[in-house]
Amino acid sequence: MVAAARAIETHRPDALATDPYAEHFVRAAHASAHWPVHPRQVPGGEADPLWGRLGRYFGLRTRVLDDHLLASARAGARQVVLLGAGLDTRAFRLGWPRGCTVFELDRSAVLAFKQDVLDRRGAAPATRRVPVAVDLREDWAAALLAAGLRPEAPTAWLAEGLLLYLPSAAERSLVDTVDRLSAGGSTLAYEAKIGLESDAVRSHPVYTAARVRIGVDLLALFDGDPRPDTRADLVGRGWSAADHTPYDFSRRHGRGPLPEPDDALAANRWVLARKPRR
């Protein structure tokens with residue numbers, strides 16, 4: 001679904017981010033082969049709750065996190081770790097500084113599907129890329145260290161669209177591991193939700209559209225545990241951490257979703273954190 005949104009965003013005349021591989025992932029999977037990958041295939045345009053407004057949200061999120069990772073790399077973090085990398089192609093499509101390594105952590109089947117599609121497109125990474133097949137509910141730190149991560153050097157960590165789907169204990173363990181493996185100058189970016197959504201929000205058209213039109217029950221994907229306060233945890237560990245609403249960046253870029261009544265995006269926060277150098 002996120003790949004389809006990135007494909008649609010790529011073809012917008014005012015695209016916030018571009019991913020030339022996204023539509024090929026969508027077409028390669030049987031379940032999504034008929035989904036839209038271009039704005040002209042979305043009859044409602046940006047008013048469409050699924051491929052319009054939510055799609056633009058994913059395009060904006062992609063741009064914000066692209067910018068954050070590149071800024072971290074330019075500030076000295078030459079290791080980038082994508083936690084739950086999925087169909088992320090940042091190793092291929094971004095202009096990384098010399099000497100960067102992008103580690104992609106996900107389950108083996110996901111990485112194999114992605115590699116097959118990329119190979120068929122003749123894709124070549126723009127920097128050193130290291131896929132690491134691992135389940136984030138297990139001891140992924142050992143696999144990452146074995147793949148070459150150097151914990152004494154700054155790392156830019158990304159958990160894009162991940163923590164909401166993990167059990168609370170797994171989120172706490174993940175943050176503890178990130179902190180343990182992070183030298184001063186490391187950064188972490190992740191997406192969070194604050195508070196509980198009302199019944200009116202849970203009935204928002206975006207949830208209905210996803211369930212009826214593409215068979216994805218977004219609400220059922222979210223883990224039901226009370227969410228830990230990861231931002232406070234990071235601050236307690238000495239990190240600085242700022243959370244932002246999507247609308248902060250919609251205003252900054254002059255495009256993207258804007259607030260609306262009973263808004264399914266209103267509780268979303270993008271947290272950008274940094275561990276100080278000693």
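## Aspartate 88

In this predicted model, aspartate 88 touches Arg6, Leu82, Glu104, Lys114, Leu158 and Glu160, leaving out residues up to four places away in sequence. Aspartate 88 is found in the loop between β1 and α4 (90–93). Its relative accessibility is 4%, so aspartate 88 counts as buried, the cut-off being under 20%.

One of these contacts, Leu158, belongs to strand β4, where Leu158 and Ala156 point one way.

How many of the residues of β4 are buried? The count is 5 of 5, so β4 is largely enclosed by the rest of the structure. In a regular strand, side chains alternate between the two faces of the sheet. In β4, Thr155, Trp157 and Ala159 point one way and Ala156 and Leu158 the other way, and all are buried.

Strand β4 pairs with β1 and with β5. The pairing of β1 with β4 is parallel and has 4 bridges, with valine 81 standing opposite tryptophan 157. The pairing of β4 with β5 is also parallel, over 4 bridges. Here the bridge partner of tryptophan 157 is leucine 188 in β5.

## Strand β7 and its partners

Strand β5 (residues 187–193) is also joined to β7 by 7 bridges, and these two strands run antiparallel. Threonine 187 stands opposite arginine 274 in β7. Strand β6 (residues 240–244) runs antiparallel to β7 as well, with 5 bridges between them. In this pairing, aspartate 243 stands opposite valine 271.

Strand β7 itself spans residues 268–274 and is mostly covered, with 5 of its 7 residues buried.

## Histidine 68

Where does histidine 68 lie? Histidine 68 is in helix α3 (residues 49–74). Its relative accessible area is 13%, so histidine 68 is buried, given the limit of under 20%.

Apart from neighbours within four places in sequence, histidine 68 is in contact with Thr187, Leu188, Ala189 and Leu272.

## Helix α7

Helix α7 (residues 168–180) has 13 residues. From its first C-alpha to its last, α7 reaches 18 Å, close to the 18 Å expected at 1.5 Å a residue.

The buried residues of α7 are Ser168, Ala170, Glu171, Leu174, Val175, Thr177, Val178 and Asp179. They pack against β1 (79–83), α6 (140–146), β4 (155–159), β5 and α11 (230–236).

The largest pocket holds about 1500 Å³ of space. It is lined by 50 residues, and the closest to its centre are Val2, Gly84, Gly86, Gly161 and Tyr165. By class, this lining has 35 nonpolar, 5 polar and 10 charged residues.

The second largest pocket has a volume of about 620 Å³. Of its 27 lining residues, Leu164, Lys193, Ile194, Gly195 and Arg227 are the closest to its centre. The lining of the second largest pocket divides into 12 nonpolar, 3 polar and 12 charged residues. Which elements each supply at least two residues of this lining? They are β5, α11 and β7, and β5 gives the most, with 4 residues.

Methods. Residues numbered from 1 in each chain as written. Predicted model: local features only at pLDDT ≥ 70, side-chain atom pairs only at ≥ 80, totals over all residues. Heavy atoms only, no water. Buried < 20%, exposed > 50% of the residue type's maximum accessible area, 1.4 Å probe, protein only. Pairing = 2+ DSSP bridges. Expected span 1.5 Å × (residues − 1). Contact = heavy atoms within 4.5 Å. 1 Å grid on protein atoms, 1.4 Å probe; cavity = no way out; pocket = protein on both sides within 12 Å on 5 of 7 lines; lining within 4 Å. Points joined across faces, edges and corners; volume = space filled by probe spheres on them. Nonpolar A, V, L, I, M, F, W, Y, C, P; charged D, E, K, R; others polar.
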